[in-house]
Amino acid sequence: MLTLNEVWKSYRGVAAVRGLTLQAGPGNVVGLLGPNGSGKSTTVRMIVGLLRPTRGCISWDGIDIHEQLLAYQKVVGYIPEEPRLYMYLSAAEYLELVGGLRGIPREMLARRIDRYLQLFGLDTDRHAPLSAFSKGMRQKVLIAAALIHDPQLIVLDEPDSGLDVAATLILRSLVATLAARGKTIIYSSHILDAVERVCRDVIILRRGSAIASTSVSTLRQLTETASLEAAFTSVAVEQDVAALGRELADVSSR
Amino acid sequence: MIRRLLPARYRTEFDQFLLLCRGSVSRLLNAALPPRDGDSAQLALWALALVATPSAMYGFRQLVNYSSLGFQKAAIIEHAIQVDRMFFLLYGMVVAALVAAATWEALLPDRADQEIIGTLPVRPRTMAAARLGASLWLAVVAAAAISVPAAVFLAVAAPSHSSLGFPPVVLVAHLISTMGATLFMFILFLILRAALALCFGAHTSERLATGLQVLAIAALAELFFFIPGVIPLLVKHLSDGDRRVLFIPTMPYAALYAWLVGLRYPSLGIGAAMAPLALLGAFAIAVPLYLWPARRLARRALETQPRQHAGLVSVAARLAILALPSSPAVRSITSFTVTTMMRSRRHRLILAAYLGLALAVGTVSVIAGGLRGTLSFDRPETSLLALPLVTMFFLTLGLRTAFAIPSDVDANWVFRLSQPSVSAAIDAAAMSLIALCVLPVAALAGAAAVLLGWPMRDAMILAIFDIACGCALTEWVLGGWRAVPFTCALSGDVDSLKSRWLWRVVPLLLFAFVNAAAQKAAFPTDRAAAWYVGAAVGVWSAARVKRRFAGRDVSVEFDASPSDSIATLDLSEAL
């Protein structure tokens with residue numbers, strides 16, 4: 001069980017996340033939604049242990065993750081928003097590095113790498129440097145790296161970024177299957193349709209604070225809207241999007 | 001083997017250390033030699049061969065020289081050995097500085113490393129230890145590359161005179177002393193890197209890389225021009241038993257070699273003992289300096305927000321460019337060029353390399369003037385006037401070279417779509433050269449003249465002279481240029497590597513030294529000064545008109561042709 005209890009994160013006195021509380025248990029997919037700068041990525045980076053909260057506590061199975069960070073990181077799989085990879089390594093080399101650092105025995109690791117590369121259609125490019133990969137291909141490598149050690153908690157930050165339609169559908173199916181197998185999943189995305197389809201609960205962030213934290217269906221009922229997109233627009237979007245669109249179109253034409 | 005000796009709880013960490021060491025070597029090589037298309041390991045082999053060549057050639061020369069010394073007195077031989085020794089030691093230390101400067105940003109795990117590895121169950125100290133291990137391994141390889149060939153040559157030459165030492169001892173002594181000195185200097189840089197990161201943070205530390213590279217390259221060039229005059233003096237102090245010289249970093253290693261091959265100077269034992277102690281001491285400082293703050297540095301790398309603002313110089317340069325009376329396209333390209341140059345470390349390092357050469361050549365001219373007794377700092381002398389001209393010459397050539405290396409080829413679609421004219425691209429390149437190379441050097445030259453006590457009139461005339469001839473220089477440097485800077489790799493530059501470098505020696509002599517003599521002649525009267533400036537502006541204007549005329553019917557180039565690049569190299573011609 002992942003628990004965030006009144007978590008704050010500040011950079012030089014400016015709060016990026018304000019008093020966030022969240023719970024995610026086995027089999028649960030929790031969606032993180034919010035406009036740019038709402039604190040989604042900071043929250044995700046705190047959950048995976050990259051950042052330490054300024055205040056509050058993040059715990060896994062009741063233990064503060066920073067008390068036993070190494071043990072906690074063994075059960076976490078993370079797909080970052082930006083494809084953070086050593087671009088001079090090949091896909092196989094990168095997965096060998098990650099798997100090796102996670103202590104997976106060599107033969108088992110080789111088998112898993114072969115299988116992932118095959119399933120993602122990357123086996124013909126296995127020796128090409130990652131710098132030669134497209135964004136979608138790199139994203140597939142990151143997904144493989146996040147899952148290679150069979151983690152209990154999977155944190156996905158914009159996982160469908162750069163993926164083609166088929167790969168996006170496969171990802172959704174993968175997330176549903178992992179949740180069905182009892183994994184805890186945090187799914188941060190801008191794509192409301194994806195969140196609506198894969199997440200049971202959703203947290204909407206605005207300026208670092210959670211302005212809604214409930215199930216997708218309850219949120220739709222509360223906002224009296226038909227879709228998550230409409231619900232999100234009613235609670236999180238502060239601008240008049242139609243008017244702003246018109247203004248943008250006018251900038252260069254006048 | 002080591003793994004088995006470790007307690008069980010450290011074995012996982014040891015496995016991670018080995019894995020990360022391997023990855024760190026690639027990371028260091030990529031930082032030093034960012035590959036454009038090829039493999040950085042292959043580039044590293046070429047770089048290794050390049051740094052190994054001078055010491056190997058010097059060793060081979062000694063093989064020839066020593067074989068003709070069979071009848072010489074022992075004292076003369078011993079002196080010769082030590083003079084040669086100092087060359088190898090100094091060269092090894094300068095190479096260590098170069099390796100440190102080239103790999104500077106990757107010597108410690110940075111934000112990117114923390115982002116990738118920080119989510120895995122790896123202790124920050126393991127990552128830092130792996131980076132330290134990989135850095136040292138790289139230094140050992142570089143040290144071996146510059147030591148082994150020369151050691152073999154010297155060992156082969158040893159039987160020609162009894163004072164040269166017993167061949168196997170010569171071989172081992174050369175390896176120990178040269179590799180020890182190289183590693184000692186490299187570890188000093190590791191200490192400096194870790195201490196700076198700890199005290200001042202990543203940004204300051206990164207800025208220092210450029211300065212370090214300038215100094216290392218200047219020192220490397222000076223080694224061949226200037227150091228040979230100093231070495232015999234140091235050797236004399238060593239043979240006289242002067243303990244003070246043992247505090248010069250090379251001297252304990254020179255003493256160690258002398259002691260190992262059986263020379264018996266006074267105080268040699270102390271010097272010989274200092275060498276391994278210094279190496280061990282440096283290592284003993286570097287290890288805790290890497291491991292102890294690893295967690296803190298990791299957290300700081302992750303929590304520090306990327307720079308939110310452009311540098312002051314960058315903003316000032318952009319504002320100055322926007323105020324220039326030129327077309328929007330020229331202003332935009334100039335602004336892009338200046339900003340890229342300010343922010344791209346790879347391009348800054350290229351310019352730093354040329355600046356290092358400029359400093360070395362310029363200093364030699366000043367030292368030569370001093371040795372001839374013709375140098376006086378209180379009035380315009382040819383050797384002093386040549387200094388800014390040499391700097392300007394190398395900087396403009398360096399920037400021209402950097403222009404040809406793309407910052408991000410995939411991003412050049414902006415220029416491809418807008419298709420600026422060739423004259424706009426060249427005008428922008430020329431303005432960038434003036435903004436980055438001519439004006440700063442001229443301003444510094446003027447300020448230095450004031451500080452040296454020259455009359456204000458002379459200082460101003462010097463700055464105007466340098467600006468006038470610097471502008472003319474930019475037109476010569478941009479001969480044949482047909483691209484927007486940093487957007488295209490030009491095949492012509494490959495050709496220039498092979499065929500043009502010798503031709504640049506003559507222009508250097510003309511522009512820097514003959515021109516400095518002309519400036520000196522023009523200094524005394526305002527009329528002569530006006531003639532000089534008029535002539536320089538005339539040359540500049542004529543070159544601009546010629547260039548515009550030549551560029552009328554051509555379009556901007558964005559793609560180098562790989563087949564042309566290979567053909568123009570044509571290495572077989574050199575055989």
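In this predicted model, 22 residues of chain A are in contact with 21 residues of chain B. Two residues count as in contact if their C-beta atoms, placed from the backbone, lie within 7 Å. On the side of chain B that touches chain A, the elements giving two or more residues are α2 (8–32), α5 (111–117) and α12 (294–303) of chain B. Of these, α2(B) gives the most, with seven residues. By class, this side of chain B has five charged, nine polar and seven nonpolar residues. Ala, Val, Leu, Ile, Met, Phe, Trp, Tyr, Cys and Pro count as nonpolar, Asp, Glu, Lys and Arg as charged, and the others, Gly among them, as polar.

The model is predicted: local features need pLDDT of at least 70, side-chain atom pairs count only at pLDDT 80 or more, and totals for chains, interfaces and linings use all residues. Residues are numbered from 1 along each chain as its sequence is written, while chains are lettered from A and ligands numbered from 1 in the order in which they are written.

Chain B has 23 helices and zero strands. Chain A has 10 helices and 10 strands. Helices (H or I, at least four residues) and strands (E, at least two) are DSSP runs, numbered from the N terminus. Buried residues make up 45% of the 575 residues in chain B. In chain A, buried residues make up 44% of the 254 residues. A residue is buried if 20 or more other C-beta atoms lie within 10 Å of its own, exposed if 12 or fewer, and partly exposed in between, with C-beta atoms placed from the backbone.

Contacts between residues at least 6 apart in sequence were split by separation. In chain B, 81% of them join residues at least 24 apart. The C-alpha trace of chain A spans about 55 × 50 × 40 Å along its principal axes.

Chain A holds an open sheet of four strands, in the order β2-β1-β4-β5, with antiparallel pairing. The edges are β2 (14–24) and β5 (63–64) of chain A; each has a single partner strand, so one side of each is left without a neighbour in the sheet. Two strands pair if DSSP finds at least two bridges between them. Strand β1 (residues 2–11) of chain A is joined to β2(A) by seven bridges, and the two run antiparallel. Within this pair, Thr3(A) stands opposite Gln23(A) in β2(A).

A second pairing in chain A joins β9 (residues 201–206) and β10 (residues 209–215), antiparallel over six bridges. Ile203(A) stands opposite Ser213(A) in β10(A). β9(A) and β10(A) form a hairpin with two residues between them. Arg207(A), in the turn, has a positive phi of about 50 degrees.

Helix α6 of chain A (residues 165–180) has 16 residues. At 1.5 Å a residue they should span 22 Å, and the end C-alpha atoms are 23 Å apart, which agrees. The expected span is 1.5 Å times one less than the number of residues. Leu171(A), Val175(A) and Ala179(A) are buried in α6(A). They cover an arc of only 65 degrees around the axis, which puts them on the same side of α6(A). The arc is that of the directions from the helix axis to the C-beta atoms. On the other side, Ala166(A), Ser173(A), Thr177(A) and Ala180(A) are exposed. The buried residues of α6(A) pack against β3 (29–33), β8 (184–188) and α7 (192–198) of chain A. Gly182(A) follows α6(A) and has a positive phi, near 90 degrees.

Positive phi also occurs in residues other than glycine. Glu158(A), in the loop between β7 (153–157) and α6 of chain A, has a phi of about 50 degrees. Glu158(A) is buried, with 20 other C-beta atoms within 10 Å. In chain B, phi of Phe486(B) is near 70 degrees. Phe486(B) lies in the loop between α19 (456–477) and α20 (491–499) of chain B and is buried, with 26 other C-beta atoms within 10 Å.
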